[in-house]
Amino acid sequence: MPTQQILSDPAKAAIFLTLTINESAEEKVADILTDVSALGRAVSFRVPDGDLICVVGVGARAWPRLFDAPMPKHLHEFKEIKGDKHTAVSTPGDLLIHLRARTQDLCFELANQLMNKLGPYTTVVDETHGFKYFDERDLLGFVDGTENPEGKAAVTAAVVSPEEDPNYAGGSYVLVQKYMHPLDEWNALSVEEQERVIGRTKLADIELDDDVKPTNSHVALNDLDPVDGKERKIIRDNMPFGTIGTKEFGTYFIGYAADPEVTETMLEHMFLGNPRGNYDRILDFSTAETGALFFAPPVSFLDDPTTVESDSEASDQEDTSSESEDTNESHESLRIGSLKNSHK
Ligand code: HEM
């Protein structure tokens, strides 16, 4: 089972778990994270064609509690974006577990195995089970994911390059938001009106022509222009979820980006508007109940955080190498990186 695989075909089933780390449980949690890949293999080996993928993201507050290794370059807490009418809230989250597979049983089994280990040391602040709704549609009835970049463009959009952050190349910044939809209100709109909200046709999923696509449609506000010749795209793997009895219907938004500023710019366009005040009409039918940013490190780091040296070790090493230059002696290289506290 690939752990920390960011790019994949749209999954049929998903589980999203957001956890906070209990006080003084950092060492235990850091240790358990090195086991995630092995647990995933144990579950997926039994169903080789199940396409089970597990991605673990770590929030900005949790990173220095867990690791000595430096913070990924762009990791920070998600800041609330308050528009005139709608707000992108910021909610707690130290760890995100994103499980995807062909069938829900695989996601469920791995989530359960992971929580058997993490449970005593963490608190679940959100758990959402997502499903694919007919032909890749969300619960608003529109095909969701069409304009995701593919191939090389997908890698550029979502995966941190060695030039950008050599310590964490292969990782990705993950932004999640849980949206609720008042479906009765949405379904009271005509299909033509709904199409003007999204900016694409409902049945055939064709983008509306520029002269009819409103500037406050979801697509118009999220299709960012390139800057200095650089595309500004993200990879989305949104999932519908809901409960019939309580009439709760939603979309779990998940966006992977090489630079979280791209996702945040999209959110500014949606909530503040572009130009200001021209906010995304989808928000009149979608309320963000959660919002958090995480960094999903490359699997090499998740399996063994000692592969990235801490700042203090890096400067020790510099001192040592200048010493050895002085004395012309060769020193064995210092041990690099470490789990927080485990070497102190
Ligand atoms: C209420 C939650 C959301 C729903 C139901 C939703 C649904 C959709 C749909 C139906 C499309 C058109 C088809 C496609 O290309 O995928 C779309 C496009 C898109 N959405 Fe969302 N979306 C949601 C939230 C977000 C958020 C929060 C962001 C960014 C932070 C976002 C970014 C995008 C982007 C970048 C596109 C493609 C625009 C283009 O280049 O044409 N979406 N979304």
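I began with the ligand and found 27 residues around it, the closest being F142, E147, N222, D223 and S286. A residue counts as near a molecule if its C-beta atom, placed from the backbone, lies within 6 Å of it. I then noted the elements that give two or more residues to this shell: β7 (172-180), α8 (218-222), β10 (248-257) and α9 (260-271). Helices (H or I, at least four residues) and strands (E, at least two) are DSSP runs, numbered from the N terminus.

I recorded that this is a predicted model, in which local features need pLDDT of at least 70, side-chain atom pairs count only at pLDDT 80 or more, and totals for chains, interfaces and linings use all residues. Residues are numbered from 1 along each chain as its sequence is written.

By residue type, I found the ligand shell to hold 11 nonpolar, 10 polar and six charged residues. Here Ala, Val, Leu, Ile, Met, Phe, Trp, Tyr, Cys and Pro are nonpolar, Asp, Glu, Lys and Arg are charged, and the others, Gly among them, are polar.

**Confidence**

I looked up the pLDDT, the predictor's confidence in each residue from 0 to 100. The protein chain averages 92, and 92% of the residues score at least 70. Over residues 324-339 the pLDDT is below 50, and this stretch has 28 contacts in the model beyond near neighbours in sequence. Two residues are in contact if their C-beta atoms, placed from the backbone, lie within 7 Å. Where pLDDT is low, the predicted coordinates should not be read in detail.

**Annotated spans**

In the model, residues 4-132 are 28% helix and 28% strand, with end C-alpha atoms 21 Å apart. Residues 135-299 are 24% helix and 20% strand, with end C-alpha atoms 31 Å apart.

**Strand β12**

I checked β12 (residues 292-296) and found five of its five residues buried. Buried means that 20 or more other C-beta atoms lie within 10 Å of the residue's own, exposed means 12 or fewer, and partly exposed lies in between, with C-beta atoms placed from the backbone. A292, F294 and A296 point one way, L293 and F295 the other. In a regular strand the side chains alternate between the two faces of the sheet. I also noted that β12 pairs with β7 in the antiparallel sense over five bridges; pairing requires at least two DSSP bridges. In this pair V176 stands opposite A292.

**Loops**

Between β6 (122-131) and α5 (151-158) I looked at F134, whose phi is positive, near 45°, although it is not glycine. F134 is exposed because 8 other C-beta atoms lie within 10 Å.

P149 lies in the loop between β6 and α5 as well. With 16 C-beta neighbours inside 10 Å, P149 counts as partly exposed. Leaving aside neighbours within four places in sequence, its contacts are A154, A157, K233 and I235. The C-alpha atoms of P149 and R236 are separated by 9.4 Å, though the two are 87 residues apart along the chain.

In the loop between α8 and β8 (235-236) I found D228, with a positive phi of about 50°. D228 counts as exposed because it has 4 C-beta neighbours inside 10 Å.

Lastly, I noted a cis peptide bond from N274 to P275, with omega near -5°. P275 sits in the loop between α9 and β11 (287-288).
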